[in-house]
Amino acid sequence: MMFTHGCPLCSGELYEGTSTFTVDKQAVLVVVRNVPARVCRQCGESWIKDAVSEKLEQIVVDAKLKHRQLEVIDMAA
Ligand SMILES: [Zn+2]
């Protein structure tokens, strides 16, 4: 996903903010709060950077390995 000057959906202005990321798989529910993201002022869609999304994927993998049914992580902590 390339970031230019605006939201890929609506061309709205993006700002550096945070978002809550949720993965709901059959075996595991992972909630990650305060994920750094670019958020659209217009439609509210959040866009997570590649480096961050890799980290999120790792969190999901770890939760599965630990057999956690619910994992809540705060990235700001
Ligand atoms: Zn938008």
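Tyr15 counts as partly exposed, because its relative accessibility is 33%; buried means under 20% relative accessible area, exposed over 50%, and partly exposed in between (1.4 Å probe, protein chains only). This is a predicted model: local features need pLDDT of at least 70, side-chain atom pairs count only at pLDDT 80 or more, and totals for chains, interfaces and linings use all residues. Residues are numbered from 1 along each chain as its sequence is written, and side-chain values use heavy atoms, with hydrogens and water left out.

Tyr15 sits in strand 1, residues 14–24. Strands (E, at least two residues) and helices (H or I, at least four) are DSSP runs, numbered from the N terminus. Beyond its neighbours within four places in sequence, Tyr15 is in contact (heavy atoms within 4.5 Å) with Ala37, Arg38, Val39, Cys40 and Arg41. Val60 is 45 residues from Tyr15 in sequence and 26 Å away in space, C-alpha to C-alpha.

Now follow the strands. Two strands pair if DSSP finds at least two bridges between them. Strand 1 runs antiparallel to strand 2 (residues 29–40), joined by 10 bridges. The two form a hairpin, with 4 residues between them. Leu14 has Cys40 in strand 2 as its bridge partner.

With strand 4 it pairs in the parallel sense, over 5 bridges. There, Val30 is bridged to Glu71 of strand 4. Strand 3 (residues 46–47) is antiparallel to strand 2, with 2 bridges. Arg38 stands opposite Trp47 of strand 3. Strands 2 and 3 also make a hairpin, with 5 residues between them, and Gly44 in its turn has a positive phi of about 80°.

Next comes the metal. Which residues hold the zinc ion as protein donors? They are Cys7, Cys10, Cys40 and Cys43, each through SG, at 2.2 to 2.4 Å. Donors are N, O and S atoms within 2.8 Å of the metal (3.2 Å for Na, K and Ca); water is not among the atoms, so sites may look incomplete. Along the chain, the donors follow the spacing C-x2-C-x29-C-x2-C. The arrangement is tetrahedral because the 4 donor atoms subtend angles of 100 to 116°; four donors need all angles between 85 and 135 degrees to count as such. Cys7 is buried at 3% relative accessibility, while Cys10 is partly exposed at 27%.

Two backbone details remain. Ser11, in the segment before strand 1, is not a glycine but has a positive phi of about 65°. Ser11 is exposed, at 63%. His67 lies in the loop between helix 1 (50–65) and strand 4 (70–74). Its phi is positive too, near 55°, and His67 is exposed at 70%.

Notes:
Four donors count as tetrahedral if all angles lie between 85 and 135 degrees; four count as square planar and six as octahedral if opposite donors are over 155 degrees apart and all others between 65 and 115; anything else is irregular.
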